[in-house]
Amino acid sequence: MSHAILLVQPNRKQESRSYADFESVNEAVEAICKIYEEQLKKENVTMKQITYDISQLFDYIDNLSDLSILVYQRTSMSYAPYNKDWIKEKIYIMLRKQAGL
């Protein structure tokens, strides 16, 4: 497990930037899904149950001004940056595992 720092900027405003650190990439990826789910709850306040598919999640990610994960590399003792496409691949893998596929 490698330490990961999630960097998110939902819109063009610099004040919207935020970050969070996690013990693993998987935890960071799960946090992205939770951020999206919270956004859905805000947009659909009256709905008791909200569902979405992976393409909707990926559209959300694509529409963020910036999203990246810095992953600690033990060999170099530094953090390597990963972009939206890499993050979407990790989400896809995680969701497949959760679905038992």
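Q: Does Tyr36 count as buried or exposed, and at what relative accessibility?
A: This is a predicted model. Residues count as buried under 20% relative accessible area. Tyr36 falls under that cut-off and therefore counts as buried, with a relative accessibility of 7%.

Q: What is the geometry of the pair formed by the rings of Tyr36 and Tyr52?
A: The ring centres of Tyr36 and Tyr52 are 4.9 Å apart, and the planes stand at 90°. Planes over 60 degrees apart count as edge-to-face. The pair of Tyr36 and Tyr52 is therefore edge-to-face.

Q: How many residues apart in sequence are the parts that the pair of Tyr36 and Tyr52 ties together?
A: Tyr36 belongs to helix 1, whereas Tyr52 sits in the loop between helix 1 and helix 2. Tyr52 is partly exposed, at a relative accessible area of 28%. The parts tied together by the pair are 16 residues apart in sequence.

Q: What is the geometry of the pair formed by the rings of Tyr36 and Tyr60?
A: Tyr36 in helix 1 and Tyr60 in helix 2 are 24 residues apart, and their pair links distant parts of the chain. Their ring centres lie 4.8 Å apart with the planes at 40°, so the pair is tilted.

Q: Which residues form one aromatic cluster with Tyr36?
A: Tyr60 is buried, with a relative accessible area of 17%. The rings of Tyr36 and Tyr52 pair edge-to-face, and those of Tyr36 and Tyr60 form a tilted pair. The residues that form one aromatic cluster with Tyr36 are Tyr52 and Tyr60.

Q: By class, which residues make up the contact of helix 1 with helix 2?
A: Helix 1 contributes Ile32, Cys33, Ile35, Tyr36 and Gln39, and helix 2 contributes Gln56, Leu57, Tyr60 and Ile61. By class, the contact has no charged residues, 2 polar and 7 nonpolar.

Q: How are helix 1 and helix 3 oriented to each other?
A: The axes of helix 1 and helix 3 cross at roughly 90° and come within 10 Å. An angle of 65 to 115 degrees counts as roughly perpendicular. Helix 1 and helix 3 are therefore roughly perpendicular.

Q: How many charged residues are in the contact of helix 1 with helix 3?
A: On the side of helix 1, the contact involves Val25, Asn26, Val29, Glu30, Ile32 and Cys33; on the side of helix 3, Trp86, Ile87, Lys90, Ile91, Met94 and Gln98. By class, these residues divide into 8 nonpolar and 2 polar, and the number charged is 2.

Q: With which residues is Trp86 in contact, leaving aside its neighbours within four places in sequence?
A: Trp86 lies in helix 3. At 19% relative accessibility, Trp86 counts as buried. Leaving aside neighbours within four places in sequence, the contacts of Trp86 are Val25, Ile69 and Val71.

Q: What is the order of the 4 strands in the open sheet?
A: Strand 1 is joined to strand 2 by 5 bridges and pairs with strand 3 over 6 bridges. Strand 3 is in turn joined to strand 4 by 5 bridges. Strand 2 (18-22) and strand 4 (78-82) are the edge strands, each pairing on one side only. The pairing is antiparallel and the order is 2-1-3-4.

Q: Which residue in strand 2 is the bridge partner of Leu7?
A: Strand 1 (residues 4-9) is mostly covered, with 5 of its 6 residues buried. Strand 1 and strand 2 run antiparallel. The bridge partner of Leu7 in strand 2 is Tyr19.

Q: Which residue in strand 4 stands opposite Tyr72?
A: Strand 3 covers residues 66-73 and runs antiparallel to strand 4. The residue in strand 4 opposite Tyr72 is Tyr79.

Q: What angle does the direction of helix 3 make with that of strand 3?
A: Helix 3 (residues 84-99) packs on the sheet and touches strand 3 and strand 4. The direction of helix 3 makes with that of strand 3 an angle of about 75°.

Conventions. Residues numbered from 1 in each chain as written. Predicted model: local features only at pLDDT ≥ 70, side-chain atom pairs only at ≥ 80, totals over all residues. Heavy atoms only, no water. Pairing = 2+ DSSP bridges. Helix = DSSP H or I, 4+ residues; strand = E, 2+ residues; numbered from the N terminus. Contact = heavy atoms within 4.5 Å. Axes fitted to C-alpha atoms, helices over the stretch in contact; angles between N-to-C directions. Nonpolar A, V, L, I, M, F, W, Y, C, P; charged D, E, K, R; others polar. Phe/Tyr/Trp six-rings, centres within 6.5 Å; stacked < 30°, edge-to-face > 60°. Buried < 20%, exposed > 50% of the residue type's maximum accessible area, 1.4 Å probe, protein only. Parallel < 35°, antiparallel > 145°, perpendicular 65-115°, else oblique.
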